[in-house]
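Thank you all for coming.

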Amino acid sequence: MVKFETDAGLKSFLLFGGTFDPVHNGHLAMATEALVELAASQLTILPAGNPYQRGRLPLASAMHRVEMLKMAFTGMANVSIDTRELERDGPTFTVDTLRELRQTHGDDAGLTWLIGGDAFARLDSWHQWPSLFTLANFAVVPRQGEPHPLITASAALTAHLADRQTEALALSQCAYGRYTLLAAIVPPVSSSYIRKQLKNHQSTRGLAPDGVCDYIEQHKLYDPQENN
Ligand code: ATP
């Protein structure tokens with residue numbers, strides 16, 4: 001039997017981790033929609049330093065990825081960027097980040113990790129994954145073109161998810177251990193598609209905010225000839 005915290009006066013934090021290599025309109029729509037659906041007042045973005053599961057470092061430097069994030073979210077005063085994962089040595093484990101945040105904010109704070117359906121379906125490949133549910137909730141955004149996460153999840157993950165699903169608005173009342181599937185429909189953009197377009201010298205306009213596209217051009221990011 002899973003025990004959930006339900007203190008109505010809970011302080012809650014909406015967290016959005018990712019590589020953001022580069023940030024794109026899908027990320028922007030996810031953040032905007034999640035703030036509304038979860039009735040959250042603020043969102044913290046946590047760019048990953050060394051996303052170990054990819055088997056390679058991000059192509060753009062941490063500095064460039066943060067600059068692009070700042071540019072993309074500049075109009076949203078309720079969004080902030082937390083660079084702790086960039087400052088940590090070694091592979092970026094979300095469980096470490098959540099432990100730090102839990103220690104800072106205390107046992108009663110609500111921590112909710114915003115995640116795409118594709119990543120949520122593979123959550124059991126994350127370092128110490130069962131511990132994630134003892135630290136945070138998950139708000140899952142379906143990824144267009146990908147199967148429903150609950151269909152492709154492994155038997156172990158499916159068993160772990162049993163009895164944990166809740167309504168979006170109820171999530172802020174839970175400190176950890178729950179998940180919700182958001183109704184958001186966000187553009188089917190991916191960072192890898194943008195990188196591919198750039199590699200093939202194709203336009204990326206409309207896939208990321210104009211400021212980000214300009215920044216990529218100006219700094220020749222994702223250009224196989226350049227080293228950035
Ligand atoms: P890549 O194509 O390099 O794998 P990405 O587009 O998935 O990158 P990330 O920075 O890895 O971008 O994504 C951060 C989080 O946002 C992940 O949980 C991912 O599943 C989710 N996400 C990214 N784009 C979308 C999208 N278009 N729809 C739903 N979820 C998304």
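How many salt bridges does the count come to, if we take a salt bridge to be a side-chain nitrogen of Lys or Arg within 4 Å of a carboxyl oxygen of Asp or Glu? The count comes to eight salt bridges by this rule. Before I take some of them in turn, please keep in mind that this is a predicted model, in which local features need pLDDT of at least 70 and side-chain atom pairs count only at pLDDT 80 or more, while totals for chains, interfaces and linings use all residues. Residues are numbered from 1 along each chain as its sequence is written, and side-chain values use heavy atoms, with hydrogens and water left out.

Let me begin with Asp-118 and Arg-143, whose side chains meet in a salt bridge at 3.2 Å, N to O. Asp-118 lies in helix H5 (residues 117–121) and Arg-143 in the loop between strand E5 (137–141) and helix H7 (149–152), so this pair ties together parts that are 25 residues apart in sequence; helices (H or I, at least four residues) and strands (E, at least two) are DSSP runs, numbered from the N terminus. Asp-118 is buried, with a relative accessible area of 15%, whereas Arg-143 is partly exposed, at 31%, where buried means under 20%, exposed over 50% and partly exposed in between, with a 1.4 Å probe and protein chains only.

Arg-205, which is partly exposed with a relative accessible area of 39%, forms a salt bridge with Asp-210, the closest N and O atoms being 3.6 Å apart. The side chain of Arg-205 also meets that of Glu-217 in a salt bridge, at 3.1 Å, N to O. This second pair links distant parts of the chain, since Glu-217 sits in helix H10 (residues 210–218) and Arg-205 in the loop between helix H9 (191–199) and H10, 12 residues apart. Glu-217 counts as exposed, at 56% relative accessibility. Elsewhere, Asp-82, Arg-84, Arg-88 and Glu-100 are linked in a network of salt bridges.

Turning to the nonpolar side, a nonpolar core here is a set of buried Ala, Val, Leu, Ile, Met, Phe, Trp, Tyr and Cys residues joined through side-chain atoms within 4.5 Å. The largest such core has 39 residues, of which Leu-43, Met-68, Phe-73 and Leu-114 touch the most other members. Helix H1 (25–37) is one of the elements that give two or more residues to this core, and the largest share, six residues, comes from H1.
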